[in-house]
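Reader: Before I set anything up, could you take me carefully through the disulfides, the strand pairing and the nonpolar packing of this protein?

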Amino acid sequence: MQQSAVPELAHTQTRPIHWVATATALAAVVAGSSIFQSEAATAAQPETRHSAVADAPDPAAVDFGLNCGSAKTVVQKKASGDLDGDGRPETVAVVRCDAGSGTPPNGVYVITQPTDRDAAPRVVATLVAPKDRLTVSDFAVEHGAVTATLLGYSSPDVPSCCPDLQQKVKWQWKNGTFVRSTPAGALGV
């Protein structure tokens with residue numbers, strides 16, 4: 001074994017004074033942090049967001065009118081927000097039949113709660129109809145708009161398992177109706 005050319009350094013060996021200095025420094029940090037505390041942090045969202053979500057219509061209470069045979073209707077995704085600017089939230093639901101296999105098409109529905117709180121929520125708009133044979137992904141409700149990626153088929157010969165078309169879409173409330181638009185460059189295969 002080769003000997004080190006550098007002699008042992010005195011500060012590499014701990015002595016009781018080192019422990020006392022470390023304990024004193026730690027005590028000073030703890031004491032200082034109790035004196036100079038910052039305000040408590042909170043994770044709460046603004047109050048308007050909580051009330052909007054709390055008052056949003058529940059899609060479980062809605063009959064979407066889908067003909068699913070013996071299968072049930074399933075709400076795959078849902079999101080809420082004030083889409084028409086009236087100060088009350090709407091819920092947008094992505095719905096399909098609960099098939100045991102395959103890729104059943106989705107329907108996208110806008111649901112509102114009538115001003116009579118005892119009345120059941122109701123569908124006020126159909127953004128995507130199941131008969132269009134589309135599947136919805138990347139779904140969101142933000143800033144008064146609904147956005148989604150629609151997966152579809154170029155012909156009836158394309159198997160349901162394998163959509164070969166993709167389109168990003170956006171719906172916004174304008175002049176009393178939902179207007180669908182396609183962002184530039186959003187078409188894909």
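Author: A disulfide is here a pair of cysteine sulfur atoms within 2.5 Å. The model is a predicted one, and a search of the whole structure finds 2 disulfides.

Reader: What handedness does the disulfide of cysteine 68 and cysteine 97 have?

Author: The sulfur atoms of cysteine 68 and cysteine 97 lie 1.9 Å apart, and a disulfide joins the two residues. Because the torsion about their S-S bond is about -80°, this disulfide is left-handed.

Reader: How many residues apart in sequence are the parts that cysteine 68 and cysteine 97 tie together?

Author: Cysteine 68 is buried at a relative accessible area of 14%, and cysteine 97 also counts as buried, at 17%. Since cysteine 68 sits in the loop between α2 (47-54) and β1 (73-81) while cysteine 97 belongs to strand β2, the pair links parts of the chain whose separation in sequence is 29 residues.

Reader: Is cysteine 161, in the other disulfide, buried or exposed?

Author: Cysteine 161 is joined to cysteine 162 with an S to S distance of 2.4 Å, and the link is left-handed, with -70° about the S-S bond. Cysteine 162 has a relative accessible area of 41% and is therefore partly exposed. For cysteine 161 the relative accessibility is 55%, and a residue over 50% is classed as exposed, so cysteine 161 counts as exposed.

Reader: Which residue in β6 stands opposite serine 137?

Author: Strand β5 (residues 135-142) pairs with strand β6 (residues 145-152) in the antiparallel sense, over 6 bridges. The two strands form a hairpin with 2 residues between them, and histidine 143 in the turn has a positive phi of about 50°. Across this pairing, the residue opposite serine 137 is threonine 149.

Reader: Is threonine 135 buried or exposed?

Author: Threonine 135 is found in strand β5. Beyond four places in sequence, threonine 135 touches Thr103, Pro104, Asn106, Thr149, Leu150, Leu151 and Tyr153. Its relative accessible area is 15%, and because the cut-off for burial is under 20%, threonine 135 is buried.

Reader: Which residues touch the most other members of the largest nonpolar core?

Author: In soluble globular proteins, nonpolar side chains tend to be buried together. Valine 146, one of the residues asked for, contacts Leu83, Val92, Leu127, Phe139, Ala140, Val141, Val169, Lys170 and Trp171 when neighbours within four places in sequence are left aside. Among the 19 residues of this core, those touching the most other members are Val92, Leu127, Phe139, Val146 and Trp171.

Technical notes:
Residues are numbered from 1 along each chain as its sequence is written. This is a predicted model: local features need pLDDT of at least 70, side-chain atom pairs count only at pLDDT 80 or more; totals for chains, interfaces and linings use all residues. Side-chain values use heavy atoms; hydrogens and water are left out. Two strands pair if DSSP finds at least two bridges between them. Helices (H or I, at least four residues) and strands (E, at least two) are DSSP runs, numbered from the N terminus. A nonpolar core is a set of buried Ala, Val, Leu, Ile, Met, Phe, Trp, Tyr and Cys residues joined through side-chain atoms within 4.5 Å. Buried means under 20% relative accessible area, exposed over 50%, partly exposed in between (1.4 Å probe, protein chains only). Contact means heavy atoms within 4.5 Å.
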